[in-house]
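Dear colleague,

Please find below the structure that I am handing over to you, followed by notes on what was found in it. I would be grateful if you could read the notes with the model open beside them.

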Amino acid sequence: MSTYHKGRGIVYMLLSALFFAFMGVTVKAAVNIPLSQKVLFRNLVMVILISLPLMGKGREAYWGHRGSRGLLFARSLLGMTGVFLYFYSLTSLNLADASMLNKLSPFFVTLFSVVFLKDKLKSYQIPALLAAFAGALLVIKPRWDLGMVPALAGLCGAVTAGGAYTLINALKGKEHPNTVIFWFSGISTLVMLPFSLAVWVHPNLFELAALVGTGVLAAGGQYFLTRAYQLAPAAEISIYNYSHILFSILMGLIFFAELPDLLSCLGAVMIIAVALFLYLAGRGTQRAQA
């Protein structure tokens, strides 16, 4: 892999993190819009945009191969649940706190890959995962009242997103990434449509812009994420995805006058530090095996 391609991959990963952070802003900005309607627009715009590169490529480009459809359906339901819970946490938590919890999903991918894909858990990963979850507890601040529900929703969103990403790994080499995205967006749109119609709120111009912006930013974030992984190995660039937390802290301050408290900041440092440790350890293992 050339340095040029790695550099471009890093830039695309940073752009992906920036787009997803801006998506968090648009979700929070549409205050009066029901949650199901926000998720609907996020996926409706996505399914329209992802349909364009699939046109003229045959039926399987949309529907996938028969043997993969069970995995595609399960990935779609888990992904939809993850987005719903993440959006719920965004409406009730600081932008930064919701983003920190959302970025726990790669750690759950590691756990699920061991359980379901029979990957081996390396000895250094165990204390690292425990440290990451300790960081999450600092963000959640466990307490016995309903105020803890949004943080738990954010954590559960990371769990279901981790399950969805694990299934994406299982689909690697079987289905094109655009097919996976089409299924996810299409099923999410179909499931959310009746719920949205039941509580529909006619958006004003600002709210409509926020809703459409949510879909466009999600599509842009997904595009840059895909391009990043096409240009460089995940082990080389995945750490830059955690810039999403830093972008979210900055945007929360600029757009909502939010500033995470000391415990949340410490939790963010722990989560990013663990991700960096696993990244460096993984690279060291790869070099040793080369």
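A residue is called buried here if its relative accessible area is under 20%, exposed if that area is over 50%, and partly exposed in between, with a 1.4 Å probe and protein chains only. Helices are DSSP runs of H or I with at least four residues, strands are runs of E with at least two, and both are numbered from the N terminus.

This is a predicted model, in which local features need pLDDT of at least 70 and side-chain atom pairs count only at pLDDT 80 or more, while totals for chains, interfaces and linings use all residues. Residues are numbered from 1 along each chain as its sequence is written, and side-chain values use heavy atoms, with hydrogens and water left out.

I begin with helix α4. With 24 residues (69-92), α4 reaches 35 Å from its first C-alpha to its last, close to the 34 Å expected at 1.5 Å a residue, where the expected span is 1.5 Å times one less than the number of residues. The buried residues of α4 include Leu 72, Arg 75, Ser 76, Gly 79, Met 80 and Val 83, and also Tyr 86, Phe 87 and Leu 90. As background to such a list, an α-helix has 3.6 residues a turn, so residues three or four places apart point the same way.

Tyr 86, for its part, is among the residues touched by Ser 99, together with His 244, Ile 245 and Ser 248, not counting residues up to four places away in sequence, contact being heavy atoms within 4.5 Å. Ser 99 itself lies in helix α5 (residues 95-102) and counts as buried, at 0% relative accessibility.

Next come the aromatic pairs. Rings of Phe, Tyr and Trp (its six-membered ring) pair if their centres lie within 6.5 Å, and the pair is stacked if the planes are under 30 degrees apart, edge-to-face if over 60 and tilted for the rest. By this rule the count comes to 12 aromatic pairs. One of them joins Phe 19 and Phe 224 edge-to-face, at 5.2 Å centre to centre and with 70 degrees between the planes. Since Phe 19 lies in helix α1 (residues 3-29) and Phe 224 in helix α10 (residues 205-231), this pair ties together parts that are 205 residues apart in sequence. Phe 19 is partly exposed at 24%, whereas Phe 224 is buried at 15%. Another edge-to-face pair is formed by Trp 63 and Phe 182, at 6.0 Å centre to centre and 75 degrees between the planes. Here Trp 63 belongs to helix α3 (residues 59-63) and Phe 182 to helix α9 (residues 177-198), so the parts tied together are 119 residues apart in sequence. Trp 63 counts as partly exposed at 43%, and Phe 182 is buried at 12%. Ring pairs also link Tyr 12, Phe 19, Tyr 223 and Phe 224 into a cluster.

Helix α9 also holds Thr 179, a buried residue with a relative accessible area of 2%, which touches Glu 60, Ala 61, Tyr 62 and Gly 64, again leaving out residues up to four places away in sequence.

As for charged side chains, a search of the whole structure finds two salt bridges, each defined as a side-chain nitrogen of Lys or Arg within 4 Å of a carboxyl oxygen of Asp or Glu. Lys 28 and Glu 258 meet in one of them (3.4 Å, N to O). Because Lys 28 lies in helix α1 and Glu 258 in the loop between α12 (243-256) and α13 (262-289), the pair ties together parts that are 230 residues apart in sequence. Lys 28 is buried at 13%, as is Glu 258 at 14%, and Lys 28 also lies over the face of Phe 256, at 5.4 Å from the ring centre. Asp 261 forms a salt bridge with Lys 141, the closest N and O atoms being 3.4 Å apart. Asp 261 is partly exposed at 38%, and so is Lys 141 at 23%.

Finally, the structure holds zero disulfides, a disulfide being a pair of cysteine sulfur atoms within 2.5 Å.

Key:
Lys NZ or Arg CZ within 6 Å of the ring centre and 35° of its normal.
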